[in-house]
Amino acid sequence: MEISRSLKRIIIIELFVPVSLLTIGIYHGLMQTIYRAGFLHQAGALKLDYYQGLTLHGVINAVVLTTFFAVAFGHATITHYLKREPDILIARISMCLMIIGTLMAAWAMLSGKASVLYTFYPPLKAHPLFYLGAALLIVGSWLPFFNWAKMYRQWKKENAEVKTPLAVIGTLVNFTIWFVCTLAVAYEVLVLLIPWSMGWTKTIDVTLSRTLFWFFGHALVYFWLLPAYIMFYTMLPKLAGGKLYSDLAGRIAFFSFLVLSIPVGVHHQFADPGITRGVKMFQGLLTFGIAIPSFMTAFNLAASLEYAGVQRGSKGLFGWIKKLPFLDPNRYLFAYMICGLILFIFGGLTGIPNASYQLNNVIHNTAFLPGHFHMTVAGPVFLAIIGMSTFLISQLKGKKIFWPKINVVIPYLWMIGVLIFSSGLMWGGLIGEPRRTNLGLSYLNPQSPLFRPDWVPTTMLALAGGIIMFVAGMLYFVVFFGTLIRKKTEVALLDLPESETYHVEKRVPIFDKFKPWLVIMVVVLLLAYVPALWGINNNNAPKALPYKVDNPMPDTTNTLNK
Amino acid sequence: MFDKYEKGILISSILVMMLFIFSLVYSLDKKGRNITECIPFNKTYQKGRVEKIDDSTYQVFMVAKMWAFEPDKIYIPVGSTVDFFLTSLDVVHGFNIAPKNVNLMAVFGGVGKSTVKFDNPGVYKIVCHEYCGVGHQFMQGEVIVNYPENK
Ligand code: HEM
Ligand SMILES: [Cu+2]
Ligand SMILES: [Cu+2]
């Protein structure tokens, strides 16, 4: 459909800003593998300290890019499926808040006043503008959600008996999760961290802050993932030349995510003191509830792809695989999604040890972890984001893809890179290589008494993969910006690929309503988190003074006076 | 509501989940699970030291601070069982003895505990695996189990 200039501009800016910043994120990704492999034995390079760069890498890649994209893609999906445009004023305010917040945080990080990594665990203290920037980014991303929810209710009034499109359910589920989980981190930032970093309050409860962070932090990963899921369910079957096997199973999957995404955050704190084993065990078990929507999705998509292959004339049990349009430059989105899914098989499987209460001890906070999540967030999530960003830019600007043949091989290159990179990191993790560490200064420096020769092969492997990922990333920038600045040759429009469903099912009311699911969500959430927070509150643990990253003595000066 | 294959999808997903949960519960009381306990805090944990209970039982009160462990070298005989109690004096630190799967976070105001038996002689490296500031990559320690032999 044709959409207004203003909406078009908003979506384009919301893609342009994070993709531009991503250049820093990708650059420092490569740098991290170089330091870690012991090719740089220094604290920083080109005015960027390792941990400063790692903070930028985490914040830009995993928070800024994903949040901007979720909002931009949300605007596109809601507009496309409800056939009406969101309120432009709200969308504009939201965009401005997100950009201002991002610029504040970027300033704090680039000037070296916030090298606290994207988890900003207190009592490491960052500049207040870092926290405030993060809060603005989050609040900005809430606004369109309220608007979409209103549009949906309006639409529902007019179409009471029509099934809500799956993509709309997905988008609203995703932003409901986001809204609820960010309440906790907003509280952490606004009530605990900002007054403390300004010097207005002296001390902070560390375990409480960590628990609030992970209340948000696990749901965050589903907020990354669901836009990709929406694409897998509503576009992938169409692009493959088939139909979605079961629309109903898709709905069940989305609603299960609504219920199970948040009340599992403690699985990131299995190794923490201050939280009882009972709470850990309960949330550990709930975590495996996520296996249901995940496996349902896997089976459903595989069935849809098989159907597509059969439609294209495949023979035999696995013949359908050969018939899929892997390298068709006109269906490049298929390539981005299938590579993401292949990575996700490994990403999902390697997540199981992390989530398993006991096994987590083997790999917690080792290099295994980044090995795992580059196959999830830098796998299906990232590939879906970059593929869709190119797609939206090309449609909304009415421009043909720049370098279409290269565009379709980028995801394969990235996938191969990630597989090698992650193998290196995970192997390292299994033999104790720590994450979040400038290994080049100590453990990978032959001159240091701490030198660990057993980590040479693992970090080299990660470097090899990192170089391939970097090349793929650079090619993506050429395609994205090349498309953006090209001459306009087509009609500008918004037209998302829409899969039909294989089964024509009646509308099942319970899977077409939010209320019952929201109630279950709240109940499970309370069951999981009331005991956790209660326990922390009754611990009577002493609170901590603030520390700067470069000084072992507490820093209680008022940051703004300096 | 569901057709044959949709039912198949649902049932297999639920079976997979039950298998996971079964394994989790099954291994609960097995050796080496070592999930940190939640120990009430008191100030005595903030003093790093090793206490010998008897010839083969030790308690290590480990303190993590920017950017060292205290004590950073622990000598024990082969076959000892060691309780590690861990806290932090400042920011969050990590504590990993990889070959023994001792894996804890050091949090200010919290005390983590993990118990492990050292059956073989050798030097077991302790690595801080949580970013704790500019000196993080130098923060490590050692558990030295009868090594060299005469110690
Ligand atoms: C050229 C591509 C990339 C390379 C070579 C790369 C490399 C790395 C490495 C080596 C680490 C671990 C550093 C350490 O723990 O010391 C890391 C961390 C991380 N990466 Fe990447 N990465 C790349 C792209 C991405 C992308 C696209 C995303 C997300 C969309 C991403 C998200 C993250 C996150 C969230 C962390 C954790 C940061 C932290 O622990 O604070 N990376 N990356
Ligand atoms: Cu999680
Ligand atoms: Cu450290």
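Into which domains is chain B divided, and which residues coordinate the iron atom of ligand 1?

A: This is a predicted model, in which local features need pLDDT of at least 70 and side-chain atom pairs count only at pLDDT 80 or more, while totals for chains, interfaces and linings use all residues. Residues are numbered from 1 along each chain as its sequence is written, chains are lettered from A and ligands numbered from 1 in the order written, and side-chain values use heavy atoms, without hydrogens or water.

Chain B is divided into domain 1 (1-33) and domain 2 (37-150), with bounds from an automatic or database domain assignment; their centres, taken over C-alpha atoms, are 36 Å apart.

In chain A, the iron atom of ligand 1 is coordinated by A:His57 (NE2) and A:His374 (NE2), at 2.0 Å, where donors are N, O and S atoms within 2.8 Å of the metal (3.2 Å for Na, K and Ca), and sites may look incomplete because water is not among the atoms. This pair links distant parts of the chain, 317 residues apart, since A:His57 belongs to helix H2 (residues 50-82) and A:His374 to the loop between helix H14 (368-373) and helix H15 (377-397); helices here are DSSP runs (H or I) of at least four residues. Because the six donor atoms around this iron subtend angles of 86 to 179°, the arrangement is octahedral, a term that requires six donors with opposite ones over 155 degrees apart and all others between 65 and 115. Both A:His57 and A:His374 are buried, meaning under 20% relative accessible area (1.4 Å probe, protein chains only).

Conventions
Four donors count as tetrahedral if all angles lie between 85 and 135 degrees; four count as square planar and six as octahedral if opposite donors are over 155 degrees apart and all others between 65 and 115; anything else is irregular. Helices (H or I, at least four residues) and strands (E, at least two) are DSSP runs, numbered from the N terminus. Buried means under 20% relative accessible area, exposed over 50%, partly exposed in between (1.4 Å probe, protein chains only).
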